[in-house]
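Subject: Structure for you to look at

Hello,

I am passing on a structure for you to look through.

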Amino acid sequence: MKIIRRLAAKIVGQAIRLFASFITALRADWQGIEPVPRQRVYFANHTSNGDMPMIWSVLPPALRRTVRPVAAADYWLKNPIRAFVGPEVFNCVLVDRRPEVKDKPMDKIIAALDEGSSLIIFPEGNRNMGDEPLLPFKAGLYNMGLARPDVDLVPTWIANLNSIMPKGEVIPLPLICTVTFGAPIHVREGESKDAFLSRASEALASLRPVEREAN
Amino acid sequence: MDNTTSDILMLSFGAMGILLALTMFGEVLQAQRNPSNPSPVLETFMTRVKSWWGMTILISLALLSGRFGVVVLFLFASFAALREFLTLTAKVRADHYSLALAFFAVLPLQYFFVWCGWDGLYSVFIPVYAFLLLPIVSALRGNANRYLIRVAETQWALMMTVFCVSHVPALLNIDIAGYGERSVLLIAFLVIVVQLGDLLEYFFGRRIGKTRIAPGLSPKTWEGMACGVVCAMGIGGLLAWITPFGIFGAIAMAGVTSLVGMFGNIVFAAIKRDRGVKDWSHLIPGQGGFVDQLDSVIFAAPIFYHLTRFFWRV
């Protein structure tokens with residue numbers, strides 16, 4: 001049974017990857033890092049439910065095998081299909097965001113890092129629905145960088161997903177999606193939380209392709 | 001093996017022979033250069049030759065397989081081109097349905113009509129029905145912000161990448177006396193004349209080009225273009241035997257389509273400059289996107305189709 005589930009997870013994963021590539025001509029732009037196996041936290045902008053599968057799909061197989069997206073437990077455990085796809089296909093680190101739970105998200109994240117996994121996180125916390133390129137970052141990224149300073153924190157910009165799959169739409173539009181990986185950052189010695197988070201936010205926003213306003 | 005098939009094979013092998021010669025020519029030049037000092041012109045030339053290999057093989061297979069293969073090949077080319085185009089156009093959330101309809105209804109229906117040979121329908125489907133219906137769908141979502149720009153750019157994308165491109169397979173539907181099944185060779189004629197004209201225009205433009213046609217927009221020169229068109233006419237004359245045009249007709253058709261195609265390339269250079277991009281995408285390595293490859297064919301195909309229909313249809 002376990003083998004069948006693992007095989008099914010592999011097949012579903014490949015299907016998601018092929019579908020994403022076919023629809024969006026998905027492409028990685030390795031601006032600041034090389035696609036080599038190193039322990040990293042990819043922190044990305046978040047506008048659509050398609051964001052995480054896009055980063056997961058664009059990573060080369062060797063990197064994809066060791067990466068674990070950090071995702072909300074309430075979303076991924078809602079029904080049996082999600083409960084299969086989230087934990088078993090994407091190998092998510094599921095965190096419970098409710099304040100009353102004992103199982104603190106940061107403990108699970110640090111445990112995943114200590115196992116040697118790379119992570120995908122969305123430091124804005126929620127999907128960005130506004131006109132600003134990024135929402136203010138939550139503290140999680142800073143705490144990870146402080147607790148495990150050797151891990152590379154890689155800014156990762158996902159372009160166009162807000163047009164391809166906006167919140168509430170069912171049919172994805174086939175537009176070209178490029179995932180840009182920037183140069184890694186680390187928490188500097190003595191750097192305050194706010195200073196680091198704004199530096200991280202700037203590093204991510206600088207990867208955004210210049211969007212030309214039609215006028 | 002019938003006549004048409006053997007003619008397609010002959011043209012394919014001829015094209016591959018030329019590509020082989022070009023590949024060897026480029027390799028020899030590359031071998032002679034100091035590897036620490038690569039020439040950008042030579043690099044561009046070599047990547048272009050490589051993508052022509054791919055195009056030649058794909059088009060040859062499609063032509064050999066007949067109507068279905070040709071329609072499917074250009075359907076996918078249109079899909080890739082429309083995706084590149086709409087990635088760069090103005091759109092908001094309110095356009096989600098109309099853009100989804102453009103991709104998943106308008107595009108396949110247009111090629112279905114071409115496949116069925118309903119020329120009365122595929123000639124008006126996008127310029128009339130899509131033109132009127134998609135703006136309705138966008139307007140119903142109630143967002144007026146930059147509305148005219150959004151619907152106009154979407155319509156432009158459909159006209160260029162679906163309507164115009166579909167005129168290549170539509171050549172199969174023109175009834176020409178005594179030509180019959182050989183109409184698939186019209187596609188070969190169009191593609192060879194336009195592509196070789198472009199290649200020679202590029203070559204001569206680099207060599208003797210002086211006067212820019214559209215300075216600040218495209219490197220094309222009047223001298224290069226004149227040479228390219230004259231060469232295209234010569235090639236058209238040599239290929240007259242695969243067409244129903246006769247030798248002078250073939251020369252004239254080659255000249256007109258090649259000229260229109262080159263101006264089409266300038267139009268697409270203007271769009272790219274407006275949007276601040278160098279290439280339409282990165283799908284064809286070292287070459288840019290599908291629209292970069294198709295731009296001259298996009299302009300040449302409808303003109304070629306209608307001139308053929310007007311002068312040679314039964």
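Predicted model: local features only at pLDDT ≥ 70, side-chain atom pairs only at ≥ 80, totals over all residues.

Where the two chains meet

The contact between the chains takes 14 residues from chain A and 18 residues from chain B. The chain A side of this contact has nine nonpolar, two polar and three charged residues.

The nonpolar core

As background, nonpolar side chains tend to be buried together in soluble globular proteins. Here the largest nonpolar core has 138 residues. Those with the most contacts inside this core are A:I55, A:C177, B:V165, B:I187, B:A188, B:L190 and B:A301. Which helix gives the largest share of this core? It is helix 8 (residues 184-208) of chain B, with 13 residues.

Apart from its neighbours within four places in sequence, A:I55 is in contact with A:Y42, A:A44, A:I120, A:T156, A:I158 and A:V179. A:I55 is also one of the buried residues of helix 2 of chain A. That helix (residues 51-58) is mostly covered, with eight of its eight residues buried. The buried residues are A:D51, A:M52, A:P53, A:M54, A:I55, A:W56, A:S57 and A:V58.

Two helix pairs

In chain B, helix 2 (residues 40-65) packs on helix 8 at an angle of about 175°, and their axes are 12 Å apart. This angle makes helix 2 of chain B roughly antiparallel to helix 8 of chain B, because any angle over 145 degrees counts as such. From helix 2 of chain B, the contact uses B:V41, B:I59 and B:L63, while helix 8 of chain B brings B:V184, B:I187, B:A188, B:V191 and B:R206. Sorted by class, the contact between helix 2 of chain B and helix 8 of chain B has seven nonpolar, no polar and one charged residues.

In chain A, helix 7 (residues 140-147) and helix 9 (residues 193-205) pack at an angle of about 105°, with axes 9 Å apart. Helix 7 of chain A and helix 9 of chain A are therefore roughly perpendicular to each other. The contact is formed by A:L141, A:Y142 and A:G145 of helix 7 of chain A, together with A:K193, A:F196, A:L197 and A:A200 of helix 9 of chain A. By class, this contact of helix 7 of chain A with helix 9 of chain A has five nonpolar, one polar and one charged residues.

Single residues

Most residues other than glycine have a negative phi. A:A25 has a positive phi, near 45°. A:A25 sits in the loop between helix 1 (2-24) and strand 1 (27-30) of chain A. Is A:A25 buried or exposed? A:A25 counts as buried because 21 C-beta neighbours lie inside 10 Å, and the cut-off for buried is 20 or more.

B:R146 also has a positive phi, near 55°. B:R146 is placed in the loop between helix 6 (125-140) and helix 7 of chain B. With 16 other C-beta atoms within 10 Å, B:R146 is partly exposed.

B:A170 lies in the loop between helix 7 and helix 8 of chain B. B:A170 has 27 other C-beta atoms within 10 Å, so B:A170 is buried. Leaving aside neighbours within four places in sequence, B:A170 is in contact with B:V114, B:Y122 and B:Y305.

Last, B:Y202 lies in helix 8 of chain B. B:Y202 is partly exposed, with 19 other C-beta atoms within 10 Å. B:Y202 and B:G228 are 26 residues apart along the chain, and their C-alpha atoms are separated by 7.8 Å.

Regards

Definitions and conventions:
Residues numbered from 1 in each chain as written. Chains lettered and ligands numbered in written order. Core = buried A, V, L, I, M, F, W, Y, C linked by C-beta atoms within 7 Å. Buried ≥ 20, exposed ≤ 12 C-beta atoms within 10 Å, placed from the backbone. Helix = DSSP H or I, 4+ residues; strand = E, 2+ residues; numbered from the N terminus. Contact = placed C-beta atoms within 7 Å. Axes fitted to C-alpha atoms, helices over the stretch in contact; angles between N-to-C directions. Parallel < 35°, antiparallel > 145°, perpendicular 65-115°, else oblique. Nonpolar A, V, L, I, M, F, W, Y, C, P; charged D, E, K, R; others polar.
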